Amino acid sequence: MSDSIGYVQCKIIKDNNGEIMDYLFNNANKTFDKIIGINYNENLNDKISYVFPEIIDYIKNGIVGSKEIQCFSTYSNKWYSVKIINLIKEYFFIYFNQITKPKEDLYEKNHYEIILDNEINISLFNQVYDEDRQTVLAEYNKYLELNEFNIEYRIISEGNEIKWIHSKLLLINDQKVIVSEDITNRKTNYLSLIDKERILSAILYSTNELLTNCNYIEAIKTSLTIIGKALGLDQIKLFQLGENMFAKQLFIWSHDSVFNELIEFQMLEEYYDIINKGEIINELVKNSNMEAKTYLEHLENLSILMIPIQINKKLWGFISFEECKYERLISDDKLSLLKLFTSSIGKAIERKHEENEKEFLSYHDSLTGLYNRRYFDYQFKLIDKSHNLPISIIVADVNGLKLINDAFGHFTGDKILKEAADVFQTVCGPKSIIVRWGGDEFLILLPRTSSDSAKDIVKQIQEQSSKRHINTINLSISAAFDTKINNESDLTKILKNAEDMMYKQKLVESSSTRSKTVYAIIHALHEKNQREEQHSKRVSEVCLKIGVALNLSEMAISKLKAIGLLHDIGKIALSETILNKPGKLTTSEWNEIKRHSEIGYRILNSSNDLKEIAEYVLHHHERLDGTGYPSGLKGDEIPLFSRILAVADAYDAMTSVRTYRQPLSIKETINELIRNTCTHFDVNIVRVFIEKVLNEPMYKVIDGASQCFVVKGDRFNPLEDIFIHDETDPELSIKDLKIEGIVNEKINGMYKLIYSISNCHGELEKLERIVIVGKISMYPYNNSLIENNIVKLVKSQFDSAIFNIIDYNDQIIIELYSGGMYEWSSQIIFSGIKFEKGETYIVNFEAKADIVRNINLNIGWLEIREIENRKYNTDYIWHSFIEKQINVFNINPVKQNYTLEFKMEDETNNNTDLKFEFGKGEQNKILFDNIIVSKKVR
């Protein structure tokens, strides 16, 4: 029998009827791998029948406990002594010891014969170990009476060694002979086996306890007790490792008691390093170095075994097996068993952690660690009992959280929420139930708390919060309460009352808080980037000067100055790395930069003091051609103050040092501003800025172009009717600015033609002209429209509407591919119709559409006029001769006749238009037929 024994833990496999089918390997030691010749890790979950087919029947027949079985393995081609320990229903242990093939026991006679000729050999009897002499004498008396002798005992050999002897009466050649055998090795192995069996049984019991007992603390206590007694140890301790070499002692077992003892102490650095590496400490105190010896003697230890505990492949702590009375090193075979136990402890702790985490997450807010709404709903019903009266409820809200999130990001917002949670926990104490109710809302349930006490708590919350700040932002909390004082009151109403009072208080406090937060954001931006601070101040000054040059009111000028100062406040939320990047920005970085105007809008819009300027900050990166951001506004859709800010911002950016370039000269800056007028900048604002603020001359178009109608494909002169003036060259005329253009074949409708023009002196100018381009046809409509009138049919389309007109046999078919944003976005216009004042007219037409849709029939004229204070910009105003309510028609897929009757109340001329407006909506086909306009006969 070898000195090492292999152990394997097995799990029972049953069929659907509960019958045992086979057994799976579940855990094993290294000796098992060695003597069986199988790699356990590679064969995990293999069936036992694969290695020991003969053992299955033994297990099924319940041959367990102390009886050993001799089995032959066809897998390893070897014989083994096998013992089965079945301790729980699903799991059991088997230990294996390799042997030779069994044979009959034959004892060779040797000199250890204590019985000779029916007399005891006194000289040999004196060698018997003192404690075994009475046993030997008793067996000798039995021999005299019954002629039987069979005994195991110990003797002291000549070398003063204790040996085990087995003496037995045998019949050899018809003679009775007592023979003796030295069984020291076998006996020692057997006792060791019994010891290991006891430990193995203890591990199985303790593992079962750890895996099945829902009470984590009781499971730990019981398992430590089982192992401590099985090993005969003085004490076992369970530690959880912390930081800085600190260990927290969670449990200690001593002889027959287990108890919690939450002690934290600093470990010996040498031991901490070893455990931290996942290695084992197994040593006698006397063999330790001086530092370790002092450390262990302080703990009253003579020997110690420390085994690390891994959870999720990370070091969690360790378990310490200690001897305080005797010096004792744990042998390797027992050490392997204790590793199994430690692994089971780790799995139990891991399971408890997972359970705790699930339970915690189900009832707690993951960010603040406070209770969540689910827990509140559960406790709200339980707490509403008479013995808890009076019950107070505090409702609290963190002011300005959305503003903080917009300005500093959600990471800072989360810090604010955590700080608020800490205030609540500090003030309210452990008996309160503090709940994160929503994003920035909290509820506090206070059983057995009077109204006066709740009022004092609210006061303390607000005092404490005023002392806390994150990123220069002061924590501000609005809070209110109500109290249930008797059973008749409804606790839900108490909660509603507290909530209502909190919101009333918030209305009073939040405006001031938001304003303070906005100014704190400005301060934080300037602290973060001083270049931005100087830029904002210069832009503010330029805005002021442009406002003065435009003769705006003092109030408007003051507003412009504030807009300039705050226009980049949204950059507080951007990364400094992006803001200060010396090279070209990537697409994602540029998209990040473009967010700042919207962020600035949200920040300013949150403050009543600054809400009025938020819209101008939002749109200061819009462009007149609609390619700006964030809304893609065009022309006059962009607010005047935003257009002024755009010029001031661009001027300072071009004339200031940037990380990626040197500043431009004034002349270069002026040329850039002029080059980008009409597309990016308002030409009038640029003109005023250059001439009145910078006091530089600018080439002028002093009488702008009016609206013109151009046939598709025709050549035209965009400078027609333009008058030129240049103070530096009075002789300069239109002849010096010859330019012609051809209308784009693919463009229909009304749009702006913008030209960059330079005169013979190299002065740059931008010219903008409104042009209507479309198909012009002459239709002699045989009594169609107005009798004997010849009218023009014009196609007009706006804001991305797309359609074609097909005309045949007096029918007009509209193929609408995509509509625009408004009902008038796409039109067919019959122009040049004469209506007389005082007469009543009837418009008849037939129509049908593939998809049901509304169309508007309008009759009127288009006025083109200049906008006040904007000399070079024109506006277009439609004057209708009919009431809106009567001019909407529902066109169906079935062709029908439609009639519009109206009285001409205004003086008109031949320039009156009749138009069908249908431009908003999905793809469709619309047919118009027999369009007739006639006077109503009196």
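1. Start at R436, which stands opposite F442 in strand 19. Strand 18 and strand 19 (residues 441-446) pair in the antiparallel sense over four bridges. Two strands count as paired if DSSP finds at least two bridges between them. The element numbers come from DSSP runs counted from the N terminus: helices are H or I runs of at least four residues, and strands are E runs of at least two.

2. A quick word on what you're looking at: this is a predicted model, where local features need pLDDT of at least 70, side-chain atom pairs count only at pLDDT 80 or more, and totals for chains, interfaces and linings use all residues. Residues are numbered from 1 along each chain as its sequence is written, and side-chain values use heavy atoms, with hydrogens and water left out.

3. Four strands form an open sheet in the order 18-19-17-22, with antiparallel pairing. Strand 18 (433-436) and strand 22 (477-484) are at the edges with a single partner strand each, so one side of each has no neighbour in the sheet. On average, neighbouring strands here are turned by 15 degrees against each other, direction ignored.

4. Which helices pack on this sheet? Helix 11 (residues 373-383) does, touching strand 17 (391-398), strand 18 and strand 19, and its direction makes about 145 degrees with that of strand 18. Helix 14 (residues 451-466) also packs there, touching strand 17, strand 19 and strand 22, with its direction at about 170 degrees to that of strand 22. Contact means heavy atoms within 4.5 Å; axes are lines fitted to C-alpha atoms, for helices over the stretch in contact, and angles run from 0 to 180 degrees between N-to-C directions.

5. Back to F442, this time for its ring. The structure holds 22 aromatic pairs. Rings of Phe, Tyr and Trp (its six-membered ring) pair if their centres lie within 6.5 Å; planes under 30 degrees apart count as stacked, over 60 as edge-to-face and the rest as tilted. F424 and F442 have ring centres 5.0 Å apart and planes at 55 degrees, so this pair is tilted. Since F424 lies in helix 13 (residues 410-428) and F442 in strand 19, the pair ties together parts that are 18 residues apart in sequence.

6. An open sheet of five strands runs in the order 2-1-5-4-3, with antiparallel pairing. Strand 2 (20-28) and strand 3 (68-73) are its edge strands, each pairing on one side only. Neighbouring strands of this sheet are turned by 40 degrees on average, direction ignored. Strand 3 pairs with strand 4 (residues 78-85) in the antiparallel sense over six bridges, and S73 stands opposite K78 in strand 4.

7. Most residues other than glycine have a negative phi, and most peptide bonds are trans. A cis peptide bond joins L389 and P390, with omega about -10 degrees; P390 sits in the loop between helix 11 and strand 17. Another cis bond joins Y629 and P630, with omega about 10 degrees. N551 has a positive phi of about 60 degrees although it is not a glycine.
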